[in-house]
Amino acid sequence: MPSRGARRQDQFRLRVRYRKDGRLAFLGHLEVINTVNRCVRRSGLPFAVGAGFARRMRLQFSQALPVGASSREEFFDLWLTERVGADRALAALAGATPSSLAPSQAGYVAHELPSLEAWLDHSLWRVGFLGPVDEVALARGVQELEGRGEFSYRRGDTLKRVSLQDTLMGWRQCGSGAATTLELSCATGAAAALRPRALVTAALASQGVADVPALRVERLAQWYEQDGRRMFALVPDGGQDHLPPRDRHEK
Amino acid sequence: MRLERRDRFAELEALLWSVEKPVRYLDHEWGACANQEGPFHVCLLYPDVYEVGQPNLGLSILYGAVNAAEGLSCERSYLPWTDLIDLMRANDVPLLSLETSSPVASFDVVGFTLAHELACTNILEALDLARIPLRSCERAEDDAIVVAGGPSVWNCEPVAPVFDAILLGDGEEALVEMCRVVREGRAARRCRRDILRSLARVQGVYVPALYDVVVDERATRWGRAVPRPGEDVPRIVLKRSLARLDESDPLPQKIVPYLPVVQDRLAIEVLRGCCRGCRFCQAGMTYRPVRERPAKQVVAAACDGLTKLGHDEVSLTSLSTTDHSQCAAILHELNAVLRERGVRVSIPSQRLDSFGVDMAAEVAGSKRGGLTFAPEAGSQRLRDVINKNVTDEDIDAAAANAFRAGWRRMKLYFMMGLPTETDEDVLGIARTAARVLELGRSLVGRAGRSKVSVSVSVAVLVPKAHTPFQWAGQLPLAQLRRRQELLLAANRDRAVKISYHDAEVSQVEAVLSRMGRQGFELILEAWRRGCRFDAWMDQFCYEGWVAAAGACGLDLDEIASTPLPADASLPWDHTSPGVSKGYLQSEWRRAQEGLTTPDCTMTACTGCGVCPVLGVDHALAGERHAQ
């Protein structure tokens with residue numbers, strides 16, 4: 001049951017880790033928000049609503065994923081009016097959520113923390129290919145764009161300019177042909193965000209390859225970095241840093 | 001040729017990166033039926049995009065009914081948007097179902113929803129994309145049996161060559177029966193023709209291939225359909241009617257879409273049928289008799305649905321929700337239960353009386369957006385012609401009530417081109433709007449945030465089959481445009497906004513509503529010339545339709561505007577919703593004399609014939625009273 005009567009300090013900030021995969025990778029960010037909203041309603045959890053006229057559920061998400069990209073770890077913060085046990089809340093959400101958006105971990109966090117979207121400023125991505133790709137051209141293309149320090153691409157009618165100096169922290173290519181994968185370590189830039197698909201298309205285009213095979217883009221992890229230290233939205237089960245070693249990707 | 005049943009999502013997935021709204025094509029929604037083991041497979045196909053088709057309550061009812069039947073599985077398919085259609089053709093990917101991504105052409109039965117006439121070209125587009133032959137007579141023995149049903153079956157002749165069978169009326173029982181007939185016919189290895197003959201024996205099912213079209217002195221130029229010599233089929237196919245709505249599933253909507261759909265809320269059908277008798281309204285004639293769900297069932301279904309599905313709004317749907325004999329009790333109880341859950345309750349339209357405004361206030365809470373009324377005509381004389389039993393005093397009282405209750409924006413629906421309409425009636429629309437505006441200003445003032453406004457939306461009459469206006473011609477295009485301009489010029493206040501429907505779209509709709517089987521050649525030609533998604537204003541191409549008509553030797557304006565003789569056999573006379581032709585003729589005469597006919601659920605029987613012909617009766621949950 002929602003409640004708007006409760007004061008903010010009487011509310012509880014539940015942070016939930018969930019994945020986005022399978023066909024639901026094609027959900028847009030607004031569609032994910034709408035779907036999670038309905039999952040919370042189905043779960044029966046005592047969600048809080050905002051003080052505004054529209055009585056919206058108090059729910060905040062980490063940075064939007066591009067349409068078509070899947071993710072191993074996304075997060076949302078849900079404010080509750082009662083402190084339901086985190087395991088119980090997780091079970092209630094899991095029972096009300098499509099499996100391709102299944103929540104995997106939940107825990108309470110402090111009210112004072114900044115919003116997830118502003119805070120999680122680093123991410124790790126993997127790009128796979130559904131058809132054969134010229135892996136040599138791809139590697140050369142990424143190197144060339146890196147050398148230029150930026151690239152641009154058209155999104156609808158808008159020309160987007162992406163600074164690779166601000167956004168691309170490192171990259172690594174494995175395999176060959178259709179088994180080629182590209183891992184990208186990224187930071188949130190001041191201007192346009194780095195979209196892996198746009199980078200791959202621009203990299204291949206720089207080598208004269210216009211025919212880009214269909215891609216699978218996956219966000220593997222998100223974190224906040226301070227003084228070279230990685231901080232996570234929720235400490236992963238087992239307490240271990242789940243990222244690959246830093247030197248695997250860094251420049 | 002029947003395609004192989006197998007999952008082909010990977011072929012589609014490769015195209016989804018390049019299209020608008022890939023979420024339309026995903027399936028895996030909450031509540032979708034994942035178990036599709038069959039062994040008999042049915043695909044329900046809505047010939048428009050997902051967000052238009054998915055909220056269709058009729059489709060949800062049929063999806064649930066077929067999936068609940070032993071040995072039957074039911075999937076959904078929608079027509080992709082033009083970007084994906086073109087990519088699928090270029091990449092040799094056929095139209096697929098949602099649940100298992102199997103080719104639509106691999107199913108045993110494919111069922112189309114006929115929602116409106118402007119979907120005709122989309123039906124051809126869907127069949128072509130599915131690789132199912134367009135005409136019933138071109139299909140091979142093992143091709144899918146292609147059936148149709150829905151609100152627009154009442155002149156189905158222009159699309160009759162497409163369908164193997166067409167269901168008239170309520171489908172929740174009949175579609176399951178039809179599927180079983182096909183399954184048994186297939187199991188017994190009977191030929192396609194014999195299976196169609198068996199389908200024709202299911203009550204409510206019309207099999208066009210078993211009827212010839214005869215053009216003679218008794219018929220209009222479009223001819224009349226008569227049973228083929230030697231075929232044992234009814235001369236008039238009577239519709240199927242569900243006797244008790246309260247015995248059907250009150251919560252058929254089980255799927256929660258991922259993307260915003262046109263009606264993004266939980267829908268509960270509170271009643272079926274309407275006997276107000278508006279003479280232009282096809283649904284008012286074809287959905288009779290009136291069957292209500294009791295208040296208790298409605299409230300329980302709404303609470304259950306909100307818990308299971310997670311919506312934040314519930315809509316009480318029907319042709320006339322505020323006519324429900326327990327409407328006040330339903331809204332009162334729902335409000336009491338749902339107010340604390342942050343759930344909105346909505347009703348689709350308001351009656352033009354104080355009760356209608358009271359009910360709107362009941363569901364509005366603290367929100368007072370716009371309030372919609374439908375006087376339909378601008379003068380008392382013309383409202384009597386169309387049997388809209390509403391007076392100027394009713395309009396004023398409802399508007400005054402609404403302004404006093406806090407509403408500031410009023411939306412008024414009217415129609416243009418009604419029989420006997422004059423310029424004076426059209427000017428009456430402007431006068432009515434101005435009067436409502438002045439009333440609002442006198443009650444709440446003119447300035448600041450209390451500023452009142454009136455929106456006027458004017459549709460064009462499309463004379464529909466099985467209504468008293470079926471004999472009327474549509475106002476010619478030039479006349480319609482002149483009257484639209486007359487109305488615009490008569491509006492002197494910027495607080496009154498007037499909008500009207502595209503007259504060309506309405507003309508094509510009228511043409512498809514009036515033609516016989518020959519209309520198929522027009523639809524086919526228009527589709528070949530690129531017409532599709534005709535109900536979408538940015539896609540509609542009038543020039544395409546005019547050129548198609550020219551190629552077929554037809555004149556759209558002449559077809560739409562020529563009245564039909566009252567004593568002739570009409571192209572749709574072999575299908576019947578139960579309302580007698582004599583009653584419609586009597587109502588047509590009364591319309592011309594300006595005589596009104598009351599609602600038989602509030603007074604006495606008016607002799608439409610539905611109850612005795614179909615062997616049914618109104619099933620009301622309580623007593624109705626005329627206001």
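Predicted model: local features only at pLDDT ≥ 70, side-chain atom pairs only at ≥ 80, totals over all residues.
Analyst: Local features here need pLDDT of at least 70, side-chain atom pairs count only at pLDDT 80 or more, and totals for chains, interfaces and linings use all residues. Residues are numbered from 1 along each chain as its sequence is written, with chains lettered from A and ligands numbered from 1 in the order in which they are written.

User: What makes β17 and β18 of chain B a pair?

Analyst: Two strands pair if DSSP finds at least two bridges between them. β17(B), residues 453-460, and β18(B) share 5 bridges in the parallel sense, so they meet that definition. Within this pairing, V456(B) has I498(B) as its bridge partner.

User: Why are β15 and β18 of chain B called edge strands?

Analyst: The open sheet has the order β15-β16-β17-β18 in chain B, with parallel pairing. β15 (370-376) and β18 (496-500) each pair on one side only. Strands are DSSP runs of E, at least two residues; helices are runs of H or I, at least four; both are numbered from the N terminus.

User: How do you know the direction of helix α14 of chain B against β16(B)?

Analyst: Axes are lines fitted to C-alpha atoms, for helices over the stretch in contact (C-beta atoms, placed from the backbone, within 7 Å), and angles run from 0 to 180 degrees between N-to-C directions. Helix α14(B), residues 423-444, lies across β15, β16, β17 and β18 of chain B and runs at about 170° to β16(B).

User: Which residues stand opposite S123(A)?

Analyst: S123(A) faces C186(A) in β9(A) and Q222(A) in β10(A). β5(A) is antiparallel to β9(A), with 7 bridges, and to β10(A), with 8 bridges.

Terms used: Contact = placed C-beta atoms within 7 Å.
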